[in-house]
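Hi,

Here is the model I promised to pass on to you. Please have a look at it first, and then read my notes below.

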Amino acid sequence: MIIDCHCHAGKGDGLTGPWDTAAPLEDYLRRAATSGIQRTVLFAAFHSDYAVANREVGRIVAGQPDRFYGFAFIHARHDRGRVAALVREAVERFGFVGIKVHRYDARISREICEVAQSYRLPVLYDVMGEVSICELLAREYPQVNFIIPHLGSFADDWRAQHAFIDPLARHPNIYTDTSGVRRFDLLVEAVERAGPDKILFGSDGPWLHPGLELAKVRALGLPPSAEQLVFGQTFLRLISQVRTLLATGGLNREFKRYFGPVTPSSRSAQLLDPWLVRRQEAE
Ligand SMILES: [Zn+2]
């Protein structure tokens, strides 16, 4: 089984470039089928309101639950105070299994990491070359698995990508994906130093061709067992905890363990959010 861990879907509401305008899946799905990719992780394009964008992705995932996994896109600044509510809706209503954050929006926050921890969700965080943050994330949130896509830089900043291989190799909770990485020798070095179990196949579809990205990973010439890790086994391990929680109805229990009991008066999505509650207590 081959799982593409990085693909965008749905409409953005900007007009800056493809990344915030539209991520249509028709061509991607045809190309993925031809390439032997069976499953795909979807998250939104850039959007000014991720509650709206995540729901659109949620509808696509719910339409083909055997074909897609969903990640909730979160804006660390715009969504401040409502991260728990957004993630809760994404996980409990749509069965999403991860969080996506991009530094282009804002730097990742403790709020996001703590919500990820409570739901046992991996976080795919595009650091845009700011790879030093991995040191802080890995140590502050050892229970959260972080996937840093593009070997740390979609812009092909080889200095950042090379520097990133060090925290990738040292920290058990730092992972990467192969999407958009052009300097092949850096990918070879990442596999050699960090191990194939730290690297996930991703395409950055629909804007990059999944077959082309897959050919790149095949060209690494890994033994079949190592290739299977990259093609999906590691991804399935990273989402196994939240899937167990979903399957056993344990989500509420975990949420309470981290954020306290849900009282009848705090049932609205906004008040469920511990950061809002804490702020209100402080006032
Ligand atoms: Zn992407």
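A term to begin with: I call a residue buried if 20 or more other C-beta atoms lie within 10 Å of its own, exposed if 12 or fewer do, and partly exposed in between, with C-beta atoms placed from the backbone. By that rule E111 is partly exposed, because 19 other C-beta atoms lie within 10 Å.

Two notes on the source. Residues are numbered from 1 along each chain as its sequence is written. The model is a predicted one, in which local features need pLDDT of at least 70 and side-chain atom pairs count only at pLDDT 80 or more, while totals for chains, interfaces and linings use all residues.

**Overall**

The chain has 13 helices and 10 strands; these are DSSP runs numbered from the N terminus, with helices being H or I of at least four residues and strands E of at least two. Of its 283 residues, 43% count as buried. Among contacts in the chain with a separation of 6 or more, 74% come from residues 24 or more positions apart; a contact here means that the C-beta atoms of two residues, placed from the backbone, lie within 7 Å.

**The sheet**

Eight strands make up an open sheet with parallel pairing, in the order β1-β4-β5-β6-β7-β8-β9-β10. Two strands pair if DSSP finds at least two bridges between them. At the edges are β1 (3-8) and β10, each of which pairs on one side only.

Although β1 is an edge strand, six of its six residues are buried, so the rest of the structure largely encloses it. Four bridges connect β1 with β4 (residues 39-43), and the two run parallel; H8 has F43 as its bridge partner in β4. Further in, β5 (residues 68-73) and β6 (residues 98-102) also run parallel and are joined by three bridges. There, F71 is partnered by G98 of β6. Helix α4 (residues 83-94) packs on the sheet, touching β5 and β6, and its direction makes about 165° with that of β5.

**Helix packing**

Axes are lines fitted to C-alpha atoms, for helices over the stretch in contact, and angles run from 0 to 180 degrees between N-to-C directions. Angles under 35 degrees count as roughly parallel, over 145 as roughly antiparallel, 65 to 115 as roughly perpendicular and the rest as oblique. A crossing is right-handed if the near helix is turned clockwise from the far one by less than a right angle, and left-handed if anticlockwise. For residue classes, Ala, Val, Leu, Ile, Met, Phe, Trp, Tyr, Cys and Pro count as nonpolar, Asp, Glu, Lys and Arg as charged, and the others, Gly among them, as polar.

- α3 with α4: the axes of α3 (residues 50-63) and α4 come within 10 Å and cross at roughly 15°, so the two helices are roughly parallel. Y50, A51, N54, G58, V61 and A62 of α3 meet L86, A90, R93 and F94 of α4. These residues divide into seven nonpolar, two polar and one charged.
- α4 with α5: these axes come within 9 Å and cross at roughly 35°, and the crossing is right-handed. V83, A84, V87 and V91 of α4 make the contact with E111, I112, V115 and Y119 of α5.

**Backbone details to look at**

Most residues other than glycine have a negative phi, and most peptide bonds are trans. Which residues stand out here?

- M128, not a glycine, has a positive phi of about 50°. M128 sits in the loop between β7 (123-126) and α6 (133-140) and counts as partly exposed, because it has 17 C-beta neighbours inside 10 Å.
- D204 also has a positive phi, of about 60°. D204 lies in the loop between β10 and α9 and is buried, with 23 other C-beta atoms within 10 Å.
- G205 and P206 are joined by a cis peptide bond, with omega about 0°. P206 is in the loop between β10 (199-200) and α9 (210-218).

Best wishes
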